[in-house]
Amino acid sequence: FKKLTHLCKIFHKKTELLASTLKFGKGLVETYVKHMPFLEQHFGEFRPNVIQMIKNIQQGTRIMQMICTHGKKTKLSNLVSMIPGSKRVMETFIYQIKKIFK
């Protein structure tokens, strides 16, 4: 995921790549959100592994945020339609992570 989103920084003019990254990135982050209770349960046992996994996802979501901003700025129709759902999922992910670290 981190490598795919990094490619978007390199090929930022390929709107098909950006749209695909938002679409599949949203699905991946949704999967992590669904399994967050499992990560929360085992956080004490596997703390370093869970933290590393969260860091990798966070780097990808950071680039997804940049894609969303780029889509709004350039008003690309195929990106604009995916932005609200992607932002919602990323926000949920952030709140779940905060909950784990409390």
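Just after helix H4, Lys-75 takes a positive phi of about 55°. Helices here are DSSP runs of H or I with at least four residues, strands are runs of E with at least two, and both are numbered from the N terminus. The model is predicted: local features need pLDDT of at least 70, side-chain atom pairs count only at pLDDT 80 or more, and totals for chains, interfaces and linings use all residues. Residues are numbered from 1 along each chain as its sequence is written, and side-chain values use heavy atoms, without hydrogens and water.

Helix H4 covers residues 47-74. Its 28 residues should span 40 Å at 1.5 Å a residue, and its end C-alpha atoms are 40 Å apart, which agrees. The expected span is 1.5 Å times one less than the number of residues. Several residues of H4 are buried, among them Val-50, Ile-54, Ile-57, Gly-60 and Met-64. Buried means under 20% relative accessible area, exposed means over 50%, and partly exposed lies in between (1.4 Å probe, protein chains only). An α-helix has 3.6 residues a turn, so residues three or four places apart point the same way.

Ile-63 also lies in H4. This residue is buried, with a relative accessible area of 11%. Ile-63 and Leu-4 are 59 residues apart in sequence. Their C-alpha atoms are 9.9 Å apart in space.

Phe-101 belongs to helix H6, residues 83-101. At 42% relative accessibility, Phe-101 counts as partly exposed. Neighbours within four places in sequence aside, Phe-101 is in contact with Phe-43, Ile-51 and Ile-54. Contact means heavy atoms within 4.5 Å. Ile-54 is one of the buried residues of H4. Ser-20 is 81 residues from Phe-101 along the chain, and 31 Å separates their C-alpha atoms.

The chain as a whole has 6 helices and 0 strands. Its radius of gyration is 14 Å, close to the 13 Å that the globule rule gives for 102 residues, so the chain is as compact as a globular protein of that length. The radius is taken over C-alpha atoms, and the rule is 2.2 Å times the number of residues to the power 0.38. The C-alpha atoms fill a box of roughly 45 × 25 × 15 Å along the principal axes. Of the 102 residues, 30% count as buried. Among contacts between residues at least 6 apart in sequence, 69% join residues at least 24 apart.
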